[in-house]
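The stops below go from strands to core.

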Amino acid sequence: MKRTDRRLCLALVLVLLPLLVAAGERPPGLGDVRDVRTWSYPGYTRVVVELSRDVRLPPDGIVRLAANRAAGRPERIYLDLPEIWVGIRYDRGLPVGDGLLKGVRLGQNTLRTTRLVVDLERYDRHRVFTLEGPSRIVVDVYGSRKGGVREDPSGRLPAGLRRVQKIIVDPGHGGADPGATGVAGLREKDVNLEISRLVARRLEARGFEVVLTRDGDQTRSLEERTAIAESAGGDVFVSIHANASARALARGIETYTLDRNHERHSLDVAARENGIPAAKLDPLQRALASLQVDEVGQHSEKLAGLVHSNVIRGARSRDRSLPDLGVKKGPFYVLFMSSMSSLLVETGFVTNRHDAALLRSKAYQAELAERIAEGVDRYRQQVELGLAANGDGPRGVR
Ligand SMILES: [Zn+2]
């Protein structure tokens with residue numbers, strides 16, 4: 001096709017497509033755009049497009065348009081979502097205006113393809129990834145905002161090479177998501193919040209800065225939790241959960257770090273904490289494997305080991321028979337995007353009579369909280385010893 005022909009074709013499509021869309025000529029079998037959300041944080045803005053079905057993005061499906069060559073930056077990022085119908089719902093776009101993004105638009109690019117356009121005000125770099133259960137396209141745009149220059153948290157020294165100062169404490173579930181429900185209606189979300197608040201206090205008493213991802217019975221999506229953690233510039237991420245099992249006798253404490261090697265492991269716990277069926281874990285693991293998590297992995301393992309052994313010691317001072325289920329790995333969404341050492345503690349089984357009684361007890365909650373804080377403190381000491389061993393402190397290591 002000659003260039004002019006192609007242009008003519010494009011012009012025809014542009015003219016005809018809105019007419020077809022307006023006429024409701026929707027081809028059968030397409031998925032829908034369910035929701036579009038954005039979050040603005042100091043170092044970046046996150047766009048999440050929720051879809052009614054999974055999409056597989058072609059490897060070259062992400063294109064930047066450098067419209068403003070003088071400014072040396074792209075004007076927008078766009079990508080096409082195959083087999084998705086948006087119709088005219090988001091034609092006018094979703095204004096953002098946060099000094100980094102102008103806004104987000106979605107349009108029916110062909111009858112079987114929806115185009116997602118992110119209009120930029122500033123730009124440094126971006127990343128795009130897909131998640132399932134529910135299906136989401138996530139676009140993170142990094143850059144310093146117009147009108148305010150803040151440190152990009154992803155540009156910091158890697159975990160293990162910077163001082164451990166700010167701890168993100170993440171009480172699992174909350175709001176519309178109760179988590180597991182156990183003996184006599186004990187709700188995981190309540191246990192998680194109570195212990196997390198105590199952990200926060202104990203950490204503050206040890207001189208740490210603490211950010212809670214929720215401090216009440218609020219609903220928080222997993223991507224919101226990680227975004228809070230990353231934008232706050234946390235050094236350590238501690239997610240607090242309680243376990244559940246169909247076997248009423250199952251009890252004990254286990255601690256998780258992110259699996260980096262796509263191993264086979266405790267899929268039930270990971271499925272529950274991710275809020276997705278076990279069958280959906282494979283694509284999630286592949287998404288995890290494609291992201292860089294190696295550098296924080298060994299630090300997370302060290303952190304998890306220290307926290308876990310402390311917690312077990314404390315728990316057994318209250319109940320000698322408490323089983324130690326060990327430190328394990330799993331594909332936990334809430335752990336994988338953090339640019340910081342992270343772990344998830346399953347503090348006990350709400351479905352077990354003994355564990356549930358312990359988890360309800362204020363004294364036991366305080367014991368666990370103190371031991372988690374102590375473990376984080378030990379990790380801080382180890383990191384600082386490591387820094388000292390490298391000579392002239394964090395700046396000199398780079
Ligand atoms: Zn949980």
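Two strands pair if DSSP finds at least two bridges between them. Strands (E, at least two residues) and helices (H or I, at least four) are DSSP runs, numbered from the N terminus.

This is a predicted model: local features need pLDDT of at least 70, side-chain atom pairs count only at pLDDT 80 or more, and totals for chains, interfaces and linings use all residues. Residues are numbered from 1 along each chain as its sequence is written.

**Whole chain.** Colour by secondary structure: there are 10 helices and 16 strands. Of the 398 residues, 41% count as buried (20 or more other C-beta atoms within 10 Å of the residue's own; exposed means 12 or fewer, partly exposed in between; C-beta atoms are placed from the backbone).

**Strand 14.** Select residues 253-258. 6 of the 6 residues are buried, so strand 14 is largely enclosed by the rest of the structure.

**Its partners.** Which residue in strand 15 is the bridge partner of Y256? Pick K328. Now show strand 16, residues 341-349, which runs antiparallel to strand 14 and is joined to it by 3 bridges. In strand 16, V345 stands opposite T255.

**Core.** A nonpolar core is a set of buried Ala, Val, Leu, Ile, Met, Phe, Trp, Tyr and Cys residues joined through C-beta atoms within 7 Å. The largest one has 86 residues; among those with the most contacts inside it are V199, V238 and I372. This core draws at least three residues from each of domain 1 (25-142) and domain 2 (156-390), with bounds from an automatic or database domain assignment.

**V199.** Centre on V199. Beyond neighbours within four places in sequence, V199 is in contact (C-beta atoms, placed from the backbone, within 7 Å) with V169, V238, I240, A369, I372 and A373.

How values were computed:
Contact = placed C-beta atoms within 7 Å.
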